[in-house]
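This note comments on the pockets and the aromatic contacts of the structure shown below.

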Amino acid sequence: MKIPMSNRLLAACGFVRKGDRVADIGCDHGYLGIYLLINGIASSTIESDVAPQPLDSARRNGRKFGVDNAMTFCLSDGAKDIPRDFDTMVCAGMGADTIISILSGAPWLKDPRYRLILQCQSKRPELRSWLYDAGYHIVRETLAKDGKFIYTVMEVTFGPAKYPTPAETFLSPQLLADNHPLLPEFFDRIIGGVRTSVDGMRRSGSDQLPIFEEILADLEKLEGNIHGICK
């Protein structure tokens with residue numbers, strides 16, 4: 001039986017180390033954990049969701065694929081009520097506000113022994129800024145494409161790090177270092193969005209205009225060679 005896995009979930013799985021005990025927050029159907037177990041990547045998983053129906057689905061799928069004995073099922077609002085005996089926590093398919101709420105509700109995650117794999121659907125600059133404000137830092141970050149959408153997946157841990165510039169919250173140094181083939185296309189989307197925001201702010205006289213003009217100027221410094229990075 002083939003596990004139905006999107007490219008963004010496969011990218012998240014690619015950040016899990018062999019033998020990790022994994023907590024999947026908002027597990028939904030449980031396919032991420034099942035994939036990790038069947039492929040011998042995770043040693044065990046905690047499947048967590050805020051509603052009982054997704055947990056029932058994950059439990060049924062775990063039995064169907066024969067790995068439910070390595071899965072623990074937890075009804076929890078975010079990470080608040082899950083066991084803490086894991087190495088890596090995955091939050092995938094969520095917006096920045098939801099991820100921030102989950103991390104804020106579990107301050108015990110501020111411990112270098114935990115690795116966080118975050119696949120954020122929206123407001124990525126806000127999430128990156130919040131992470132550094134809260135004492136976390138991005139270790140690495142990559143891209144994945146499903147349909148017409150390009151997603152980012154980041155590995156995060158707690159500990160001191162250089163605070164990003166405003167432009168780096170839009171395009172992180174970790175993404176540049178990852179050198180993914182999708183980077184030029186992703187860059188075009190990012191800088192295009194910033195240009196649209198700057199144009200709108202100039203018309204409205206927004207007090208945020210100087211900040212976004214600085215972001216745009218910094219991104220434009222990369223524009224001349226960003227398309228050559230992956231060639």
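The numbered points below treat the basis of the values, the pockets and the aromatic groups.

1. The model is predicted, so that local features need pLDDT of at least 70 and side-chain atom pairs count only at pLDDT 80 or more, while totals for chains, interfaces and linings use all residues. Residues are numbered from 1 along each chain as its sequence is written, and side-chain values use heavy atoms, with hydrogens and water left out.

2. The largest pocket holds about 240 Å³ of space. A pocket here is an open set of points on a 1 Å grid over the protein atoms alone, where a 1.4 Å probe fits, with protein on both sides within 12 Å along at least five of seven lines; lining residues have an atom within 4 Å of a point. The volume is the space filled by probe spheres set on the points, which are joined across faces, edges and corners.

3. Lining the largest pocket are 13 residues, and Gln121, Arg124, Ile150, Phe186 and Ile190 are the closest to its centre. At least two lining residues come from each of α5 (124-133), β7 (149-158) and α7 (183-204); helices (H or I, at least four residues) and strands (E, at least two) are DSSP runs, numbered from the N terminus. By class, this lining has 7 nonpolar, 2 polar and 4 charged residues, where Ala, Val, Leu, Ile, Met, Phe, Trp, Tyr, Cys and Pro count as nonpolar, Asp, Glu, Lys and Arg as charged, and the others, Gly among them, as polar.

4. The second largest pocket has a volume of about 170 Å³. Its lining comprises 14 residues, with Val50, Asp77, Gly78, Thr98 and Ile102 nearest the centre. Helix α4 (residues 96-104) gives the largest share, 3 residues. The lining divides into 5 nonpolar, 6 polar and 3 charged residues.

5. There are 8 aromatic pairs in the structure (ring centres of Phe, Tyr and Trp, the last by its six-membered ring, within 6.5 Å; planes under 30 degrees apart are stacked, over 60 edge-to-face, the rest tilted). One of them, Phe86 with Trp108, is edge-to-face, at 6.1 Å centre to centre and 70 degrees between the planes. Phe86 lies in the loop between β3 (71-75) and β4 (88-94) and Trp108 in the loop between α4 and β5 (115-120), 22 residues apart.

6. Trp108 also pairs edge-to-face with Tyr114, with centres 5.7 Å apart and planes at 70 degrees. Phe86, Trp108 and Tyr114 form one aromatic cluster. Phe86 is buried at 1% relative accessibility, Trp108 at 15% and Tyr114 at 1% (buried means under 20% relative accessible area, exposed over 50%, partly exposed in between, with a 1.4 Å probe and protein chains only).
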